[in-house]
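Visitor: I'm new to this one. Can you put it on screen and walk me through it?

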Amino acid sequence: MRTANAQNSPRTSRASARTVIVWTIVALVGAAGWAVLALARGEEVSAAWMVAAALGSYAIGYRFYAKFIQYKVLKADRTRATPAERLDNGIDFQPTDRRVLLGHHFAAIAGAGPLVGPVLAAQMGYLPGTIWIVAGVIFAGAVQDMVVLFFSTRRDGRSLGQMAREEIGPVGGAAALLAAFAIMIILLGVLSLVVVNALAESPWGTFSIAMTIPIALFMGFYLRVLRPGRVTEVSLIGVALLLFALVSGRWVAESSWADAFTLAPSTLVIWLVAYGFVASILPVWMLLAPRDYLSTFMKIGTIGLLALGVVFTLPTLRMPAVTDFATRGDGPVFSGALFPFVFITIACGALSGFHALISSGTTPKMIQKETQVRLIGYGSMLMESSVAVMALIAASVIDPGLYFAMNAPAGVIGDTVQSASQVVTGWGYSISPDALAEAARQVEEASLLSRTGGAPTLAVGVSEIFAQVTGDGMRAFWYHFAIMFEALFILTALDAGTRVGRFMLQDTLGNVYRPFRNISWKPGLVITSGIVCGLWGYFLWVGVHEPLGGINQLFPVFGISNQLLAAVALTVSTTLLVKSGRLKWAWITGVPLAWDVTVTLTASWQKVFSGDPRVGFFKQRQVYQDAIDRGEVIAPAKTMDDMRTVVTNSTVDGVLTAVLALLIVIVLADAIRVCVRHVRRPSLSTLSEAPYVESKLVAPDGLFPTQEEKEAERDAVRAGQSG
């Protein structure tokens, strides 16, 4: 295997005094933030300290740990042609500007998880979630994304399942491929459910989101046909059109067109499935890349403004650092103790298996240089983690009574402000009926009760922070702005995820009928996209009609599935590190793997075998089935049909959780066998790495090019003109 030459190594000149001072200050700011969060007892704590702790830690992790992994461990080689350059076909493989690709990758991975998970985990208090979000991303989540992206790029953009099959073997590979595909379907179903909950009966949000599709198509044709290479130009146009779509959404909501964009959840299911199908078969340059790039401006801009808003207004964290629900495990938002369920619930904000599907799906087919994996893989995950921190802050600065009234199912708190106030007050978080009604009026919603899914809670928190800057008159605008922001987040993950699911299914069916292996074969493309959309559409439909609350019932399955998939990704990464001669660095992914397996298998065991019907799926099924046999209807079910739906869904959830956990154990056991065999007899191991081909492309490694990289780009332009 060819190693990187000297030009790929980071500069080794001694750090200047100014650099040392700057990074010392960054470290001290982060340390101060952690000290305040950890040591505060009873006194008010500003959310600004959470921002300081997170940003300081992210900066240190990216500057030192990620750089060490890229150059010392992976030995990324900028002279090596990537599959985007070698296999360019203008549909799935295409070298893409690192800034556009950063936008695509971030938009694709940053779905519902970093928004919803931390909001739900706030039930346990703000401190446990903050610790896991920041520490988890630096040492686990961002490392996984970067390493998987690197190894997939070295293998012609092969999917996670393909790499598992080739590097671990047929048994572990088949288990990994089946688990990855099943988990992908579940993830897409839950992601789309959050969109439905956010946009249902909301003409403002629905219109604004719908407008992003023609805007993205225009940007794609502008950059491809009208003005190729004018990234800055098309960015300004796209942002202006996006802001216009947001403002005009309010006009539509107040006009005679409102009814046309006021859609019921069932109707939104149909539209989302249709969108996912079309988006997954169009060329990446036409809709996927420009839409994700456009979404990234809004995402990064909103998170940046939110961080500035926190620093400027210094809102107080009103949620306790650790709540009683963390130890009792009887929370109304989700049941279960802090370990393992806070880690499962936060999911994507710290570690996400879904990201590995993107890092081995669309992104390795578009990346220009191996040496961009730090920016694209590690950097994007840090950006997503910052979203999770902001989501946790937004959930923690609102009245805890309002938080629980919004996130508890209607079957628990009732459907009136009086009953909700009484139940929530009984949990120790007092809030009056008038306060609940006023909170809804301020954001121009009929009610905020049981608005589960996390998105409405985050929107209320965002409006709370921004309204302190712009005044209460803008509170409703900021609420609906946040709803659009969240829906954009999720839809960009939905279209990329559907495309990746199509890749995985085509690869599997290719073993039966060879033409399916050609991912650009039109009939196979249409057939597999239709199957994938139909499968996740089923879970979406079930979630919309779930009597116990789709999010409350399905999000634990989402979290467990996501973390099980992360276990597959980390297992494959560790195996590849061992087989490629990097045994001494295998701990980089091996330690996160051990933690993830411990947490996730513990959660899986409890969801399958727990005797508490609030936790165990099969115990829940038994309780409702026994009631059906007695002819009784148990709340929150209202009819006997609802009771049967609960029985069916609990059975499906329990079986899925058990089967997926078993598949991951098979993958892990087979990978251990392969690694032990390699250590004992290396000659028996083979690597499916693509042969080295020298790159002709010239592109910077980081977001901002160095002086040397600028000169190289100018030389390449002059050479092209003279040629």
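**Cavities and cysteines**

Guide: By class, the lining of the second largest cavity has five nonpolar, one polar and two charged residues. Ala, Val, Leu, Ile, Met, Phe, Trp, Tyr, Cys and Pro count as nonpolar, Asp, Glu, Lys and Arg as charged, and the others, Gly among them, as polar. This is a predicted model: local features need pLDDT of at least 70, side-chain atom pairs count only at pLDDT 80 or more, and totals for chains, interfaces and linings use all residues. Residues are numbered from 1 along each chain as its sequence is written, and side-chain values use heavy atoms, with hydrogens and water left out.

Visitor: Which residues line the second largest cavity?

Guide: Tyr538, Phe539, Val542, Glu546, Leu554, Asn649, Val652 and Asp653. Helix 23 (522-544) and helix 27 (640-680) are the elements that give two or more residues to this lining. Helices are DSSP runs of H or I, at least four residues, numbered from the N terminus.

Visitor: How many cavities of 30 Å³ or more are there?

Guide: Six. On a 1 Å grid over the protein atoms alone, a cavity is a set of points where a 1.4 Å probe fits but cannot get out; lining residues have an atom within 4 Å of a point.

Visitor: Is Cys348 buried or exposed?

Guide: Cys348 counts as buried, at 4% relative accessibility. Buried means under 20% relative accessible area, exposed over 50%, partly exposed in between (1.4 Å probe, protein chains only).

Visitor: And Cys533, buried or exposed?

Guide: Cys533 is buried, because its relative accessibility is 2%.

How values were computed:
On a 1 Å grid over the protein atoms alone, a cavity is a set of points where a 1.4 Å probe fits but cannot get out, and a pocket is an open set with protein on both sides within 12 Å along at least five of seven lines; lining residues have an atom within 4 Å of a point. Grid points are joined across faces, edges and corners, and a volume is the space filled by probe spheres set on the points.
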